[in-house]
There are 2 protein chains.
Amino acid sequence: MARANPVDKHDARRRALADSALRTLGELGYARSSLREIANNSPFSHGVVHYYFADKLDLIVYCVRRYKAVCVTRYDGAVAGATTADGLVAAFAGKLRETIVEEAPMHRLWYDLRAQSMFEESLREPVEQIDRTLEEMVWRVVVRYAELAGAEPALPPHTAYGMLDGIFQQALLGHLSGDGAALDTLRDEVHDVMPLLVRAAARI
Amino acid sequence: MARANPVDKHDARRRALADSALRTLGELGYARSSLREIANNSPFSHGVVHYYFADKLDLIVYCVRRYKAVCVTRYDGAVAGATTADGLVAAFAGKLRETIVEEAPMHRLWYDLRAQSMFEESLREPVEQIDRTLEEMVWRVVVRYAELAGAEPALPPHTAYGMLDGIFQQALLGHLSGDGAALDTLRDEVHDVMPLLVRAAARI
DNA sequence: GAATTCTCCGGCCAGGTGTCAAGTTTTCTG
DNA sequence: CAGAAAACTTGACACCTGGCCGGAGAATTC
């Protein structure tokens, strides 16, 4: 046993490794990211990767879980700051746009992994976990929007998330394909769709 | 030059090859389908694959394009047969459910390829083509639904497709993950969402 | 200061990859 | 039926993959 808290150091190393790996994964995608390529695009040797991770899947799953942590609070600022329903929609749409611009590689990796999980069983559980987290995140936005609009959610969280995720995915693909209008389209779509997610609140 | 129409025979062979390949691709996904595996799961040798296709990408793209042809008319029967708005929704939801049950491998391959196209530029064009075809297919459903409901579409085709595709994707993943309720959830969601896609027609 | 544990390197392996050139069989033509 | 052209098979190639291991070096402990 080492000095202060060796397990923390070990974890810190894993995190650093994972962060490097995430860059490569976001660039090349799951399939074409070899452990060697991941190691090459990092300050680490390929042997050290195996020292900290049992195998490739272990690394990937760790990375995915780590990525989740980044996402979890992304839209909460927009939710907290908004004082009107329209303002919330605008802030939310802006954040969505921003994440596409700034983190396109991470998001395409996410969609890649979710697609892979349809083939690779061992990916399903982490993917499902993240999907639930994203659903909750979206749901917080919807609930707050309903409050501000004096309405109540008209659809279950699962459905609302599925719809918004669908148009977000379109926008990401469009953006990556060089469609300059994709981001503006996304903004318009969010403005169109959000009102559909709520209905006038029932009188009490 | 051969007997009747050698180019037709050549194409027929490519089609047969592609159909075999599609089975393997649907089973293993894009990344893990090697040309040898594809050949092994077919009456062909692995060299003949290369005889008919320049390289792996050529084969994949051909397969994807071929798959598109299968999809194109899938919901048209439901559209043509429906006489009421609710009947159309039910038929549409039923067809969606049916395609998940019967063609889950093909659909997960589609989502796999679409995700890959975010990394691999040469996949973008065929993916975009198919995406447009699917959008048109969905749009025909929406337009007919609006007619039957005495309403008009409330959202652009792109948005309507994105929303429905999102919940379809969720249902597919859920179904593949062994969630027995996924298909019923999809049906309910379609019933919930379709009315949101139209609004009362403007008086003329 | 010696011993032990942890960390890390880099080469090795068996297996799989896409690709292709050289043959072999089949098919059709003259 | 001979011969040419097309269709196909086979085996080999250079390369890359994930996983493994021996041992060097540093850190820590006794």
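What we have is a predicted model, where local features need pLDDT of at least 70, side-chain atom pairs count only at pLDDT 80 or more, and totals for chains, interfaces and linings use all residues. Residues are numbered from 1 along each chain as its sequence is written, with chains lettered from A and ligands numbered from 1 in the order in which they are written.

Let's start with the two copies.

Now, the interface. Here 31 residues of chain B are in contact with 31 residues of chain A, contact meaning C-beta atoms, placed from the backbone, within 7 Å. On the chain B side, α6, α7, α8 and α9 each supply at least two residues; helices are DSSP runs of H or I, at least four residues, numbered from the N terminus. The largest share, 11 residues, comes from α8(B).

Finally, a look inside chain A. The axes of α6(A) and α8(A), lines fitted to C-alpha atoms over the stretch in contact, come within 10 Å and cross at roughly 95°. These helices are therefore roughly perpendicular, a label for angles of 65 to 115 degrees. Residues making this contact include L96(A) and Y111(A) from α6(A), and F168(A) and L176(A) from α8(A).

Key: Contact = placed C-beta atoms within 7 Å. Axes fitted to C-alpha atoms, helices over the stretch in contact; angles between N-to-C directions. Parallel < 35°, antiparallel > 145°, perpendicular 65-115°, else oblique.
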